[in-house]
Amino acid sequence: MAISSIFGSVRGVLFDIDDTLVDLEYAMTTALRDVSEHLLPGLDQAGWAKFGRIFTHETTHFYDRYLAGELTFNEQRLLRGRAALGHFGVELADGEESQAWVAEYHQRQTAYVRAFEDVAGVLDALDAAGIPYGAVSNNVHDYQRAKLDGAGLSRIRILVGTDTVGVPKPDPAIYLEGVRLLGTTPGETLYVGDNRLLDAEGSTAAGLLGVWLNRTGETVPGFIGPQVDSLSKLLASEANPDPVCV
């Protein structure tokens, strides 16, 4: 069975999770402020915005080291927190203070995770059409399973994590494992994610129909691949035949 999308007929759909299906950036920045306000009293809104950017966007090299097996998940989280706090002249001490910061951050971030508003409608349409779907993530399976379930997305049963095949995106094997579990072929499987390089270009290189979910309307000179600004645009086959729908 196939369903029409703005990119042609597809028989399966795979999604990234973080900042594609769930609003991880909101969860991260809100939890960060909760657990750090006592360390940064009086910080203004611009300061908190900078604090969040450092943690979520400017320290991803620590996450890359986690994916490479050089750091544990909590170690990369702590290093990112120290970098953000250090920018404002605050040092997070070793030992109990740092352990407590990481533990409280984890608890609060987990509580704040929520699905984007455009997710349910797309999954409803796929369910109605009998199209299989799943998720492929650059984090470990069990952690992401709990995240999906906590965000009300337990109906996404197929999930591939970095530990499923032993490699992260953009290695072709991780996307192709998702395709295998769907029971489709790469060329008839849509892959959608917010990271242009890892999701859109990585999946395309693996033979899938890669789509960049560009929610913010970012402009990247030279990028001519398919993109949408909302998941709701994916199946809007009558809305716009142009593959760029932002």
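**Labels and their cut-offs**

Author: Let's start with proline 170, which sits in the loop between α8 (162-165) and α9 (172-182); helices are DSSP runs of H or I with at least four residues, strands are E runs of at least two, and both are numbered from the N terminus. A cis peptide bond joins lysine 169 to proline 170, with omega about 15°. The model is predicted, so local features need pLDDT of at least 70 and side-chain atom pairs 80 or more, while totals for chains, interfaces and linings use all residues. Residues count from 1 along each chain as its sequence is written, and side-chain values use heavy atoms, with hydrogens and water left out.

Reader: Why is the aromatic pair of tryptophan 101 and tyrosine 105 called stacked?

Author: Rings of Phe, Tyr and Trp (its six-membered ring) pair if their centres lie within 6.5 Å; planes under 30 degrees apart are stacked, over 60 edge-to-face, the rest tilted. Here the centres are 5.8 Å apart and the planes 5° apart, so stacked it is. Both residues lie in helix α5 (residues 96-112), four residues apart.

Reader: What makes aspartate 19 buried or exposed?

Author: Its relative accessible area is 19%. Buried means under 20%, exposed over 50%, partly exposed in between (1.4 Å probe, protein chains only), so aspartate 19 is buried. Aspartate 19 also has a positive phi of about 65° although it is not a glycine.
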